[in-house]
Amino acid sequence: MEAILAFRNLTKAYGSRTVLKGITLELAAGQILGYFGLNGAGKSTTNRIALGFARPTSGEGTLFGYPTGDPRALARAGYLPENPFYYEYLTGRELLDYAARLHRLRGCIRGAKIDAAADRVRLAGEALDRPIRTYSRGMRQRLGLAQALVGDPAFLLLDEPFSGLDPVGRAMLKDLLREFRAGGGTVFFSSHQLLDAAEVCDRAAILHRGVLAADEPLAQLMARHPGKTLEQIFLAQVGQDAASDRD
Amino acid sequence: MNSALTIAHFTLKKAFREKVYLILLLATAAVVAAAGSVSFYQTGVQIKFLKDVSMFALSSFGFLLALFAATELLPYEMDTRGVHFLASKPVDRFTIVLGKYLALVGLLAANLVPLMAEVFGLVWLYAGKPHWDLISGAGLVLLELAVYGAMVMLLSLVLTRLVAFFSAIFLYAVAHLSNWIATTFLAGSPAWLRFGATAALALVPDLSHFDSRYVVVHGYSVPPMFLAALLAYALLYVAAALLACRWVLESKEL
């Protein structure tokens with residue numbers, strides 16, 4: 001089966017600093033992959049390459065079989081950035097309309113998709129018609145998720161999706177991801193919230209110092225470390241570097 | 001093209017909800033109205049005076065608007081990472097450039113048209129008849145700013161904000177001094193100066209062509225053939241600048 005997202009020997013260097021060192025990874029349809037690493041490990045760089053915002057120094061990345069950044073692949077993808085920035089003077093509904101139009105959704109279909117996306121992240125009603133500048137951090141995160149969903153994607157790339165969400169929001173997100181997977185969708189997300197992530201991902205990849213320290217089905221990873229949480233496994237993988245790298 | 005229009009539409013929506021452009025517009029409308037009041041008390045030359053001040057106010061306002069908007073549109077998206085919203089959607093980089101440029105032209109038109117209507121109305125009021133020649137004058141102002149805006153957008157992509165801002169002012173001056181540069185530096189100058197002048201004349205559009213809008217002050221119209229030639233000249237430079245913007249944006253990491 002063809003991979004939805006694939007990286008082959010991906011290397012990315014900024015000057016003399018090599019952020020990613022030969023990452024090879026394939027994500028099949030219907031999988032949720034959690035991508036974990038310390039701050040500065042290279043997670044965001046991987047995300048940027050996956051969407052074509054940055055180019056690898058060597059190696060290659062493909063999304064739906066197209067080179068990363070190809071509009072044909074992006075038409076089937078949704079993206080939530082780590083710190084969503086949107087035009088503050090637009091309302092939530094206008095932003096979703098903007099995203100839907102860029103996905104070339106037309107007329108009444110567009111309106112229905114906007115309502116459905118807002119409903120899925122529980123951002124419907126009066127809040128949707130308020131300017132974004134009045135939104136709380138959690139509402140912005142929900143709006144970010146809604147704009148990622150509005151184009152009816154088959155693949156979601158989420159950067160820190162649990163960030164800023166309260167317990168109700170995190171539960172909503174986990175339900176949403178499970179539903180998305182049940183519908184055949186594929187998800188690649190990076191997160192520091194390992195306990196939440198462990199509840200939804202099928203596969204865990206741990207990035208440390210630019211290389212994949214682990215990449216295997218979550219159940220297999222947990223079975224190899226009986227009695228340990230994903231967080232404990234992660235800390236064991238990144239070892240003594242964790243404390244110093246976090247600062 | 002639809003995606004470019006969508007980007008332009010939402011960029012304009014954001015711009016109109018910010019007060020800065022409205023304040024600039026009201027200030028210029030006040031200048032035009034003041035010129036109208038002053039010319040009312042003059043005899044003989046009142047229409048010429050009103051047209052002269054109005055065309056100058058329109059050009060100056062348009063220049064400031066193009067300068068601020070064109071140096072801001074793309075760098076704002078890059079600095080705030082708002083460009084990630086656009087680049088994660090199925091649009092190529094040229095569509096983003098084109099959308100932002102159309103927003104700039106839309107912003108210029110939306111601000112210049114009401115001002116022009118004010119001038120047109122005042123002149124009609126004082127002269128007792130409409131002066132249609134003003135429309136061709138206003139068209140030339142808009143055309144000049146459309147060319148200038150495209151060049152400034154390119155500067156804003158390759159330079160830092162502050163440097164782009166001052167370079168854009170310098171560009172406006174150089175673009176209006178083509179004749180002076182040609183007569184001063186092309187003959188009898190050292191080779192490096194001749195080379196620099198030749199390069200500047202080739203790369204920078206000659207905006208002094210658009211100064212012919214001032215013929216409307218004297219009651220003449222801009223000949224249609226001349227307008228058509230200027231339109232072709234403007235389109236050539238706009239297309240070149242936007243293609244260069246596309247190349248720069250494609251080579252940039254977002």
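Modeller: Let's start in helix α6 of chain A, where A:Arg178 and A:Asp175 both lie, 3 residues apart, about one turn of the helix. Keep in mind that this is a predicted model.

Biologist: Okay, what do the side chains of A:Arg178 and A:Asp175 meet in?

Modeller: A salt bridge, at 3.3 Å from N to O.

Biologist: And is A:Arg178 buried, partly exposed or exposed?

Modeller: A:Arg178 has a relative accessible area of 31%, so it counts as partly exposed. A:Asp175 is partly exposed too, at 36%.

Biologist: Which other residue does A:Arg178 form a salt bridge with?

Modeller: A:Glu199, with the closest N and O atoms 3.8 Å apart. That pair links distant parts of the chain, since A:Arg178 is in helix α6 of chain A and A:Glu199 is in helix α7 of chain A, 21 residues apart. A:Glu199 is partly exposed, with a relative accessible area of 45%.

Biologist: Which residues do salt bridges with shared partners join into one network there?

Modeller: A:Arg170, A:Lys174, A:Asp175, A:Arg178, A:Asp196 and A:Glu199. Within it, the side chains of A:Arg170 and A:Asp196 meet at 2.8 Å, N to O. This pair also links distant parts of the chain: A:Arg170 sits in helix α6 (residues 167-182) and A:Asp196 in helix α7 (residues 194-200) of chain A, 26 residues apart.

Biologist: Why does A:Arg170 count as partly exposed?

Modeller: Because its relative accessibility is 24%, and buried means under 20%. A:Asp196 falls below that cut-off at 9%, so A:Asp196 is buried.

Biologist: How many salt bridges over all chains?

Modeller: A search of the whole structure finds 26.

Biologist: Switching topic: how many residues of chain A are in contact with chain B?

Modeller: 28 residues of chain A, and they touch 30 residues of chain B. The area buried between the two chains is about 2700 Å², with carbon and sulfur atoms giving 59% of it. On the chain A side, A:Phe53, A:Tyr87 and A:Leu102 lose the most area to chain B, together 26% of what that side buries.

Biologist: How many salt bridges across that interface?

Modeller: The rule finds 3 between chain A and chain B. One salt bridge there joins the side chains of A:Glu94 and B:Lys13, at 3.4 Å from N to O. There are also 14 residue pairs in polar contact across the interface.

Biologist: Which elements give two or more residues to the side of chain A that touches chain B?

Modeller: β1 (5-14), α2 (71-74) and α3 of chain A. The largest share, 7 residues, comes from α3(A).

Biologist: Now the aromatics. How many aromatic pairs over all chains?

Modeller: The count comes to 17. In one of them, the rings of A:Tyr87 and A:Tyr98 have centres 6.2 Å apart and planes at 20°, so that pair is stacked. A:Tyr87 lies in the loop between β6 (77-80) and α3 (92-102) of chain A and A:Tyr98 lies in helix α3, so the pair ties together parts 11 residues apart in sequence.

Biologist: Are A:Tyr87 and A:Tyr98 buried or exposed?

Modeller: Both are buried. A:Tyr86, A:Tyr87, A:Tyr98, B:Phe10 and B:Phe85 form one aromatic cluster.

Biologist: And what sits over the ring of B:Tyr76?

Modeller: The charged end of B:Lys14, 4.3 Å from the ring centre.

Terms used:
Residues numbered from 1 in each chain as written. Chains lettered and ligands numbered in written order. Predicted model: local features only at pLDDT ≥ 70, side-chain atom pairs only at ≥ 80, totals over all residues. Heavy atoms only, no water. Phe/Tyr/Trp six-rings, centres within 6.5 Å; stacked < 30°, edge-to-face > 60°. Helix = DSSP H or I, 4+ residues; strand = E, 2+ residues; numbered from the N terminus. Buried < 20%, exposed > 50% of the residue type's maximum accessible area, 1.4 Å probe, protein only. Lys NZ or Arg CZ within 6 Å of the ring centre and 35° of its normal. Contact = heavy atoms within 4.5 Å. Buried area = accessible area lost by both parts, 1.4 Å probe. Salt bridge = Lys/Arg side-chain N within 4 Å of Asp/Glu carboxyl O. Polar contact = N/O pair within 3.5 Å; in protein donor to acceptor, adjacent residues only side chain to side chain.
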